[in-house]
Amino acid sequence: ARAHHNHHHHHHNHHNHHNDHNHHTTTPPHHQADIADKCYPRHAHMAERLRIQSVAEVSPLLPAACDAKSLLQHALHHTEAVGQLSLLWERLKDGHHLRLLLLGGSNCLGHPQWASQTHSAWVRKADPVNGTWHAILTRWLTHTMGCQLTVFNGCSGGKGSAYAYDVQLSRLLEAVRQGMEPAPDLVLTDLAPNDEASTEVQRTISAYFTEALVRRMRLELPSAIQLYVQTSWQSSEPASGGHDAHRAVLQHYDIPAIGLMLQAQPEDKLHGDCLRRDALYVDHCHMGANAHALTAALIVEALLRNYPASSSNPPVPLPPILAPVDRLSELLQPPRVHLVFSAASGAWKNFTRCHGPDPAGVCRLDGWQWQAVSRASDGSYVYQHAEQACCEDMHRCRCRDAKLGLVSHIGPNRTLPTIMEMWAQFNTGVVRIGYLRSYKGQATVTVEVVHVKHMRGFHFNPCMDNNKCHRVLYTWTLNGTHQARTSVFASESLRLPAELLSTLPFASVFQKDLGGSRYALLRFRLKPSIRFANREEAGRFTLYSVATL
């Protein structure tokens, strides 16, 4: 359920049983009538109070030679398009209850660490979310400014822009449309660390999904102010993350981008020692507590640069599409079927209708389970059935640290086929599949498009005799193994040839007249066990989402 906290409480993750966003409502120690005066600084000295608070908390985390205020001004000099943040002050001016949405990966979750290798400060393992940049920012806005705000934490470790678009945003928009959640005022996006950008193909894909994400939010959440918080290391080699792939898109849409390392160079004599990688990061992509605090303070500086509020900032018109129009239009097209297996409610199970007119959802699960994956203290991954691990029932899941997915598993002794089948509706013959790619123990699946004979009637009524009525039209292969030693969310768009699409039955005689949706069965079949060191081992394949267009 939604959690209500007073200002002196720590923030904890709580799951709304409608979806798996974490909700934190912070109420300042002021009467509601005072919020307009307290949250919006009516005088310059009140605004300066917020800066003093942020600098005071950051300074003890820095080496003695580093001046926090100078460092923040230096970093702010390289931030991009922060002018739109003045719209936020305009809302606070009227005592608006601010609603923040977070999209991101493990830095948003306060990736806990086990041992210190450098002199940098570390996020506390006991409750790492409290040490994140957004938790610190929320605390300052609540305590120092008296703001009343609600935070929706939609972050998931190891996920980038593709997952944010395919899964996180889709669930949020559905909740807003159904009236289960209000639209956010400010969207804070921290996706760069998990957007792969080491090759031109990876940079192109990251840019496509970034544009799809920001454009869809502009179209469906027009009042939301977007701010990209780039927490990936960007100083020099070895760089990591996708900010360079984001830059052209964010500039095109006039979206602010803030980050400590966007332009900083280690040869900078004034700030080089303060911005060293080993002083800010605990590993190749995760920030220490000092970097989290500095990032929060940098957002404060960007906000104060745009104080006081100005109504002279009109909304930025939606620009033309930057990416190839056909590619982005495909991403933006509403799917005919969209199953999200990482939804904590498990709501996709309720739409299973395998027989009769208009079948929908998952029809067959042989050797597949809805699983929760969590990390043990030794760093290994633990797989458990989701409903046993963290759910009282499908609608009241409380998985705090686990990742959810539909997982297949094949061991050396399994002789039965490992198959998942689901109904798909096609207009264009495209299926977009989100799945896990990792470096160890991952299997490969084939994805078959199965033509199913239509029985008589106005609506599609499938014949379920596999031997007589099913015919495989086309097959793709998805490889769950990643060459690098990382685990990533992979999103692949697969296209059925037009000549085969035209052979599929229509959803109804009415759809046939209108040239509408066609039905097919999608069959995911795990390939035989993989082999390590001349012996067969178990292999897993994790599905996060399937969308058909």
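Predicted model: local features only at pLDDT ≥ 70, side-chain atom pairs only at ≥ 80, totals over all residues.
**Helices α7 and α8**

Helix α7 spans residues 161-177 and helix α8 spans residues 200-220; their axes come within 9 Å and cross at roughly 15°. Angles under 35 degrees count as roughly parallel, and α7 and α8 are therefore roughly parallel to each other. The crossing in which α7 passes α8 is left-handed.

On the α7 side, the residues that meet α8 are Ser161, Ala162, Ala164, Tyr165, Asp166, Leu169, Ser170, Leu173 and Arg177. Their counterparts in α8 are Phe209, Thr210, Ala212, Leu213, Arg216, Met217 and Glu220. By class, the residues of this contact between α7 and α8 comprise nine nonpolar, three polar and four charged.

**Helices α2 and α3**

A second contact involves α2 and helix α3 (residues 68-76), whose axes come within 9 Å and cross at roughly 110°. Angles of 65 to 115 degrees count as roughly perpendicular, and α2 and α3 are therefore roughly perpendicular to each other. Helix α2 contributes Glu48, Arg51, Val55 and Val58 to the contact, while α3 contributes Ala68, Lys69, Leu72 and Gln73. The contact of α2 with α3 holds four nonpolar, one polar and three charged residues.

| Helix pair | Axes come within | Crossing angle |
|---|---|---|
| α7 and α8 | 9 Å | roughly 15° |
| α2 and α3 | 9 Å | roughly 110° |

**A salt bridge at Arg51**

Arg51, one of the α2 residues in the contact with α3, also forms a salt bridge with Glu301. The closest N and O atoms of Glu301 and Arg51 are 3.0 Å apart. This pair links distant parts of the chain, since Arg51 lies in helix α2 (residues 44-58) and Glu301 lies in helix α11 (residues 289-305), 250 residues apart. Side chains of opposite charge can pair when their charged atoms come close. In the whole structure, a search finds 13 salt bridges.

**The five-stranded sheet**

Five strands form an open sheet in the order β9-β13-β18-β15-β16, and their pairing is antiparallel. At the edges stand β9 (362-366) and β16 (470-479); each has a single partner strand, so one side of each is left without a neighbour in the sheet. From one strand to the next, the twist averages 25°.

Strands of a sheet pair through backbone hydrogen bonds, either parallel or antiparallel. Here, β9 and strand β13 (residues 419-426) run antiparallel and are joined by four bridges. Asp366 has Ile419 in β13 as its bridge partner.

How values were computed:
Residues numbered from 1 in each chain as written. Heavy atoms only, no water. Axes fitted to C-alpha atoms, helices over the stretch in contact; angles between N-to-C directions. Helix = DSSP H or I, 4+ residues; strand = E, 2+ residues; numbered from the N terminus. Parallel < 35°, antiparallel > 145°, perpendicular 65-115°, else oblique. Left-handed = near helix turned anticlockwise from the far one by under 90°. Contact = heavy atoms within 4.5 Å. Nonpolar A, V, L, I, M, F, W, Y, C, P; charged D, E, K, R; others polar. Pairing = 2+ DSSP bridges. Salt bridge = Lys/Arg side-chain N within 4 Å of Asp/Glu carboxyl O.
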